[in-house]
Amino acid sequence: MFLKAKKEIAKIISRASGLTEEEAFSSLEMPKGEFGDLACKAAFLLAPWQKKNPAQIAAELVPKLKGHKWVEKVEPAGPYMNFFFNDKFYASALKEVLKTGKSYGKGKKKGKVMVEFPSVNPNKPWHAGHLRNAIIGDSVARVLAHAGWEVESIDYIDDLGLQVAQSLWGYMHLGNKPSGKFDHWLGMQYVEVAKRMETDQKLQAETREMLKKMEEGNNEISKKARWIAEECVKAQYQTDFSYSIFHDGMIFESDIMHTIFHEGIEMLKSSNAIILEKEGKNAGCWVVKLGGKFQNMQDPDKILIRSDGTATYTGKDVIFQLWKLGKLKGKFKYKPFIMQPNGKEAFATGGNIPKPFGKADMVVNVIGSEQIYPQEVIREVLLHLGFDKEAKSYMHLAYEHVALPDEKFSGRAGTWKGYTADELLAESVRRAKEKISKEVPENEKDGIARAVGEGAIRYSFVRTTPEKKLIFKWEEALSLEGNSGPYLQYAYVRARKIMEKAEDKPSVSAKYSFQPEERKLIRELCVFVELVERSASAFRPHMLADYSYMLADMFSKFYTLCPVLKAEEGLRKTRLGIVKAFEIVLGNSLCILGMAIPEKM
RNA sequence: GGGCCCGUAGCGCAGCCUGGAUAGCGCGGCAGCCUUCUAAGCUGUAGGUCACGGGUUCAAAUCCCGUCGGGCCCGCCA
């Protein structure tokens with residue numbers, strides 16, 4: 001609706017000014033203050049070749065811009081030309097939202113995208129840093145889906161890492177019985193083993209030996225390691241679910257090794273993408289010669305296959321990414337792994353069921369910004385292989401890590417203790433519960449506190465741009481007031497309450513005269529459509545967090561100034577329409593942000 | 001040696017891609033608003049050399065170059 005209005009007005013401007021429709025369209029913006037609904041700055045563009053000052057051009061152009069069915073008036077304001085929409089426009093915009101409902105803002109059908117996150121080692125609980133990754137990843141997956149993409153959310157599980165070997169050693173030899181949540185318990189074993197390994201050479205040798213067995217597969221150690229990894233992932237996924245984070249599939253490293261690895265290696269070797277070094281320090285290794293911005297590096301050669309024939313981490317990753325992009329013939333077989341609260345089963349590799357995972361048109365990897373370089377290497381390899389299109393749709397969503405005020409999170413040192421995702425949620429829920437009014441019956445409090453506590457954390461983690469480092473502070477992460485998750489939930493709950501109390505249905509009157517607060521709110525509802533598209537194509541869900549806040553803010557202002565249920569008959573039904581439309585749009589937005597909505601607050 | 005990210009009010013952030021009207025918001029401060037659809041709310045107020053220096057432009061927080069401060073990366077580790 002808004003977009004349509006914008007396009008039609010651009011046409012009018014184009015005809016009146018001689019600018020192309022594209023130029024006219026991009027000269028239109030939504031002004032901040034009370035400058036109308038649409039501001040046109042085309043006069044700036046016209047000034048150089050008309051050799052007049054922009055204000056004069058605007059004044060002359062304005063009379064020629066009238067006559068659109070949705071435009072009440074056009075006013076020159078210095079060099080700007082401001083369009084004010086009429087009530088008819090606002091009524092139509094409202095009706096559109098009411099009619100479209102849950103599909104409002106939904107984009108046209110696009111291709112298939114695989115989003116990978118958070119790929120945490122399966123030997124410890126998630127801490128605040130992993131949580132940021134997962135919340136960003138889940139939100140990006142949701143916004144891409146709303147924008148029209150077919151989304152597969154996948155998780156890479158490195159069950160062949162040293163960390164798992166160390167944890168397994170702890171499981172077998174430390175003599176502690178598993179108790180409590182398995183990932184927490186296993187994480188503690190890992191910290192203990194890591195500490196001992198610093199000085200214990202025998203232990204070092206033993207874990208190395210275990211790692212070798214794990215890689216070979218088909219033995220007691222490898223089976224135990226896989227079991228431990230799966231148990232840990234199941235525990236980690238309880239955390240996943242408690243934050244409404246969901247996946248479609250889990251790809252285990254051990255399955256990559258015996259399913260697509262050799263094919264991948266052969267593909268690389270037989271291409272011109274990587275070359276076998278005959279001499280020098282990399283003799284015997286297959287390397288990729290880096291170009292572009294890597295050219296001036298001290299060593300612009302990146303080894304993918306070592307001289308002993310094994311692949312480096314980046315080498316393995318290249319193969320995995322090739323699989324995602326549908327470049328390998330090998331297929332994984334899956335097994336049902338865990339039933340998720342959203343009603344969808346999550347599958348893991350290592351079973352005997354085929355699934356259509358992979359073959360994506362676009363890949364989005366949510367990985368820390370410290371891996372920008374290896375991720376660029378992968379893109380470079382794709383280019384060397386001649387996969388230009390794929391290289392362009394290979395996206396690294398780089399995010400900065402979460403740190404504590406005085407130290408980093410370290411899995412090995414155990415600085416995550418006290419800051420696990422589970423502990424954050426428990427504390428957040430506790431604080432939320434304290435705040436619930438005494439009038440709410442005791443048996444309803446837990447459900448409300450859960451939704452609010454979860455929403456507070458999701459919002460606080462998603463609202464900042466990913467490239468900004470996050471210093472974890474309880475007061476900020478768990479904020480329940482102001483620009484916070486609960487503020488959005490509160491606005492939504494208020495709107496829903498009005499709809500519940502109203503006995504009549506909303507119905508937008510053609511004769512309604514919209515108040516300034518109402519116009520502002522409806523205008524903001526219109527923005528949602530374009531915003532979903534922009535947020536998705538930039539892989540920046542924080543834009544929707546920001547938007548939701550502004551939307552809720554405008555509703556709060558409307559709420560205090562415009563009574564709905566007590567409004568006179570002529571106003572009431574249309575205002576109910578405004579409330580309902582707000583409920584729909586904020587609801588859609590909160591859904592994309594993965595935020596739970598409490599029954600009441 | 002090279003590369004990437006961050007620097008906006010006391011604190012935490014948005015705006016930068018696509019340059020334009022008084023640089024927005026929250027917390028904290030100060031002053032108000034609950035017999036009125038839920039005060040997890042609303043209103044008002046104070047608080048800013050947009051790190052610094054150049055450049056481009058009619059116009060720069062936004063684009064370009066440089067400097068400084070903070071973080072990260074460049075391994076036959078993962």
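A polar contact is a pair of N or O atoms within 3.5 Å; within protein, one must be able to donate a hydrogen and the other to accept it, and residues adjacent in sequence count only if both atoms are side-chain atoms. This is a predicted model, in which local features need pLDDT of at least 70 and side-chain atom pairs count only at pLDDT 80 or more, whereas totals for chains, interfaces and linings use all residues. Side-chain values use heavy atoms, with hydrogens and water left out.

**Exercise 1.** Identify which oxygens of RNA strand B lie by polar side-chain atoms of Lys408, Lys435 and Asp546.

*Solution.* Begin with Lys408, where a polar side-chain atom lies 2.5 Å from a phosphate oxygen of RNA strand B. For Lys435, the partner is a sugar or linking oxygen of RNA strand B, at 2.7 Å. A polar side-chain atom of Asp546 likewise has a sugar or linking oxygen of RNA strand B as its partner, at 2.9 Å.

**Exercise 2.** Explain why the second largest pocket lies between two domains.

*Solution.* Domain bounds come from an automatic or database domain assignment. Domain 2 (112-403) and domain 3 (435-592) both contribute residues to the lining of the second largest pocket, so this pocket lies between them.

Methods
Residues are numbered from 1 along each chain as its sequence is written. Chains are lettered from A and ligands numbered from 1 in the order in which they are written.
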